[in-house]
Amino acid sequence: MAPALKNPSSAPSGKWSNPDTISLNLSDIEQTISFRTRAEPILNLQIFEALAKATAHRRQIELTYRKPGRAESEPRLVDPYHLANINGEWYLFAFDHLRNDIRTFVPARIQSVKQTGRSFERRHKFSLDQRLRDSFGVHSGHGQFDVVIRFAPRVADYVREKKWHESQELRELKGGAVELRMRLSGLEEVERWVLGWGGDAKVFEPPELAASIKAAAKKMLEF
C-alpha cells in the first residue's frame, strides 16, 4: 500500500512532503498549477449554499425553477440527492415530486430555494455512476443506441487523447482518420458535441443521429 501524504498544515514552512512520494512547496502552486474554464457558470452563491446544505442534511426544499427556452418559472418540490460538478458545470440530482422521478436541475436556473421544514429518506438507491453510465453527459435517456462517428485526420489526435465514454472503442483508419464507437442511452447531448467538430466529424450510426445533425447544420446555414 502506498504511504499516505502528510497533512500540509503539519509540515514546516508550508512544505508538503513524504520521503516515498513527493515534496511540494505549497507557496509555489499558484505559480505552477492553475485551472481555467472557457465558460464559467453563473451561480447565485446564496442559492448554491442552500442547495448544498439541504443535500448534506437531507432536507426537502421547494425550488422556483426556469427550464431552458421558457420565460416563466415554476415551483418544484424536490428531495435533493446529490450535487455534482461535471465538466465544469454544477448539477443537482433530486427526486422531483411533480414528476415522481429523479431529475437533473441546473443551479444557475434556480431562482429561489424555500425550506419546507421536512426531512426525507431516499426512495431510490441512488448512484451517480450508475445513473450516468450510458449517458454522454448528464442526461440519461431510456434508449440504447450504437453510435459510430468518424473524425478527419486533422482532429483525430484530439479524439485519441481523451476518454469520451466508458463504452468507447477507437479504430484507426487509413490516412490518419479515426472511428469512435459508443453505446449511449440518448442522443441529444452527443448531437451537440458532434456539431462542435464542424465538418471534421461524420456520423455513420444511428441513422436518426445522422439525420438530426444534417438538419441542424442546414438550419445554421439558414439562420
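In what order do the four strands of the open sheet lie, and is the pairing parallel or antiparallel? The order is S9-S10-S8-S11, and the pairing is antiparallel. Strand S9 (169-172) and S11 form the edges, each of them pairing on one side only. Ignoring direction, neighbouring strands of this sheet are turned by 25° against each other on average. The axes behind such angles are lines fitted to C-alpha atoms, for helices over the stretch in contact, and the angles run from 0 to 180 degrees between N-to-C directions. In general, strands of a sheet pair through backbone hydrogen bonds, either parallel or antiparallel.

The model is predicted, with local features requiring pLDDT of at least 70 and side-chain atom pairs counting only at pLDDT 80 or more, while totals for chains, interfaces and linings use all residues. Residues are numbered from 1 along each chain as its sequence is written, and side-chain values use heavy atoms, with hydrogens and water left out. Helices (H or I, at least four residues) and strands (E, at least two) are DSSP runs, numbered from the N terminus. Two strands count as paired if DSSP finds at least two bridges between them.

Within the sheet, strand S8 (residues 145-151) and strand S10 (residues 178-184) pair in the antiparallel sense over seven bridges. Phenylalanine 151 has valine 178 in S10 as its bridge partner.

Turning to strand S6 (residues 101-105), one finds threonine 104 there. This threonine 104 is buried, with a relative accessible area of 16%; buried means under 20% relative accessible area, exposed over 50%, and partly exposed in between (1.4 Å probe, protein chains only). Apart from neighbours within four places in sequence, threonine 104 is in contact with Tyr65, Tyr91, Leu92, Phe93, Arg131, Val138 and His139, where contact means heavy atoms within 4.5 Å.

Asparagine 100, in the loop between strand S5 (89-96) and S6, has a positive phi near 55° without being a glycine. Asparagine 100 is exposed, at 53% relative accessible area. Arginine 58, also not a glycine, has a positive phi of about 55° and sits in the loop between helix H2 (45-57) and strand S3 (59-65). With a relative accessible area of 33%, arginine 58 is partly exposed.

A cis peptide bond leads from glutamate 205 to proline 206, with omega near -5°. Proline 206 lies in the loop between strand S11 (201-205) and helix H6 (207-222).
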